[in-house]
Amino acid sequence: MDILQILLSESFWAASLRIATPLIFGVMGALLCEKSGVLNLGIEGIFAAGAMCGWMAVWLGAGLWGGVLVAALAGAFFGLIHGILTVPLGLSQHVSGLGVTLFATSLSYFTYRTALPNVSSPPRIEPFRALDIPLLSDIPFLGPVLFQQTAMTMLALLVVGLVWYVLNRTALGVALQAVGDNPDSVDAQGLSVYGLRIGAVMVGSALMALGGAFLTMSAFDAFFFGMVNGRGWICIALVIFASWKPGKALLGALLFGAFDALQVRLQTEVGAMVPGQVFLMAPYVLSIFALVVAARKAEYPRALLTPWFKGQR
C-alpha cells in the first residue's frame, strides 16, 4: 500500500519528470547523432562540459539563458571535433567518442580548477526556479506534475516535439534518416553526406550539453566533480530501448526517472532493513532489463557505425 500511495502521488511523478529532464536532453541528442549514422560516445564528457560551461557563464554574469546558450555552444564544439574525426576522416566512432569523453571531462575539471584554484566548495548561483503557470498549474494532478517545473524542463519537452516534427514532417528529417540508412542515395541526390552527419552530431551534442547544464542551473546551483554520474551512458541505452523514436525515448527517460524517484522514497520507507546500495542500483538493473526486452525488436539505422567516403562504393 505504501508503494501504491507513492506511485499515485503528484510529488512522485513531478520528481520523476525532474530527474528525467537531463536524460531527455541527452537521449534526444544521441538519437539525432545515431539517426545520421554516427554513434556519439562522447556524451558523458559533453554532459560534464555543458554542466561546467553553463554554470561558469552564469557565475560570471551571463544570466541563466546566457548560460544555456554557452552550454549548447560548448556541446556543439565537442560535437564538431567528434564529427570531423568520424565522418570525413572515418576514424572509429567508439574510440573517437571515448576520446571526446575523456577530453571534455578533463578540460572541464581543469578549467574549473584553474579558474577557482583556492576554492574548497563551489560558488553558488541563482538557478532556474519552478514555474507556476496560471490556470494550468491548478489542474488536478497534471498541474503540479507538468506545470510547476522549471523552464528547462519545459524546454526539454519542447525539444522532444521539435525532434519528432523535424524527423517525421520535414525534408531535412527525411534526408537525415536517409543518410543514416543509405548515404549513397543521399549523395546521388546531390546532398552533402558529410554536412548532414556533422550537422546532426553538432546539434545532438548541443542538446547533450543542455542535459549537463540542467544539473548545475536547475537541479542544483553549483558544479562539482562526478555530478554527471553515468547519465550519458544511460542515454545511449535509452536510444536503443526507444528504437530510435523520439516518443519512446521520452517514455524511456521518464521510466528511468520514475525508477530513480522510487528508490529514493523506498530508502526512506525501508532503508533501515535493506542496504542503501540495493536501492541505488535498482534503477540501473531495471533499465538493463527493459533494454534487453526492447532491444530484441529494435531496428537499427543500417549505416550506423559505418564510415562513408565520397566516390567509394
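I began with confidence: pLDDT is the predictor's confidence in each residue, from 0 to 100. I also noted that helices (H or I, at least four residues) and strands (E, at least two) are DSSP runs, numbered from the N terminus.

This is a predicted model, in which local features need pLDDT of at least 70, side-chain atom pairs count only at pLDDT 80 or more, and totals for chains, interfaces and linings use all residues. Residues are numbered from 1 along each chain as its sequence is written, and side-chain values use heavy atoms, with hydrogens and water left out.

**Confidence.** I looked up the mean pLDDT of the protein and found 90, with 96% of its residues at 70 or more. Among the elements, helix 4 (residues 64–86) has the highest mean pLDDT, 98, whereas helix 13 (residues 276–295) has the lowest, 72.

**Core.** Of its 75 residues, I24, M28 and W55 touch the most other members. Several helices each supply at least two residues of this core, among them helix 2 (10–35), helix 3 (43–59) and helix 12 (246–270), and helix 10 gives the largest share, 12 residues.

**Helix 8 and helix 10.** I checked how helix 8 (residues 171–181) meets helix 10 (residues 193–219), and their axes come within 10 Å and cross at roughly 100°. Axes are lines fitted to C-alpha atoms, for helices over the stretch in contact, and angles run from 0 to 180 degrees between N-to-C directions. The two helices are therefore roughly perpendicular to each other, a term covering 65 to 115 degrees. On the helix 8 side I listed L172, A175, L176 and V179, which meet V193, L196, R197 and A200 in helix 10.

**Positive phi.** Most residues other than glycine have a negative phi. I noted F141, whose phi is near 65°, in the loop between helix 5 and helix 6; F141 is partly exposed, at 33% relative accessible area. S243 has a positive phi of about 55° and lies in the loop between helix 11 and helix 12, but S243 is buried, at 9%.

Key:
Angles under 35 degrees count as roughly parallel, over 145 as roughly antiparallel, 65 to 115 as roughly perpendicular and the rest as oblique. Contact means heavy atoms within 4.5 Å. A nonpolar core is a set of buried Ala, Val, Leu, Ile, Met, Phe, Trp, Tyr and Cys residues joined through side-chain atoms within 4.5 Å. Buried means under 20% relative accessible area, exposed over 50%, partly exposed in between (1.4 Å probe, protein chains only).
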